[in-house]
Amino acid sequence: MLSQIDLGPAILLRTGHSIVAAPYHRNLVGLRAAIEASEGSEAVLRTVARDRGADYLVLCTLALETRGPDKPQPFATGLARGSRATPDWLEPINNMPSGSALKVWRIRRE
């Protein structure tokens, strides 16, 4: 799963999935990938997901990367907030409990 860094431990604890990153200083490659994915464009997020073999994208709407008016909003932020259309390579998974701050998408393979 590709997610924001702070979600990594909870995903490991509650699911059988592996993660790209968690807040552990020894996983520098995973940390960098997760940061690039959460702060970058759609193309960057898609490339990171493909290169890291992620099957799902998980975002918490309460912990989104924000930018000032002089920098573009990261794609992941717009996607989680609903201000960006879901691209065809992502399939929304709508089984989260009502009121959950988590949003989940299945990553479609090319």
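Modeller: Start with one contact pattern. The buried residues of helix 2 (buried: under 20% relative accessible area, 1.4 Å probe, protein chains only) pack against strand 1 (2-3), helix 3 (42-51) and helix 4 (75-81). Contact means heavy atoms within 4.5 Å. Helices (H or I, at least four residues) and strands (E, at least two) are DSSP runs, numbered from the N terminus.

Colleague: What should I know about the source?

Modeller: This is a predicted model: local features need pLDDT of at least 70, side-chain atom pairs count only at pLDDT 80 or more, and totals for chains, interfaces and linings use all residues. Residues are numbered from 1 along each chain as its sequence is written, and side-chain values use heavy atoms, leaving out hydrogens and water.

Colleague: Which residues of helix 2 are buried?

Modeller: Gly30, Leu31, Ala33, Ala34, Ala37 and Ser38. They sit on the same side of helix 2 because they cover an arc of only 165° around the axis. That arc uses the directions from the helix axis to the C-beta atoms.

Colleague: What does the face turned away from the buried side carry?

Modeller: Leu28, Val29 and Arg32, which are exposed (over 50% relative accessible area).

Colleague: Now the whole chain. In what order do its elements run?

Modeller: From the N terminus, β-α-α-α-β-α-β-β. That makes 4 helices and 4 strands.

Colleague: How much of the chain is buried?

Modeller: Buried residues make up 39% of the 110. Along its principal axes, the C-alpha trace spans about 35 × 30 × 30 Å.
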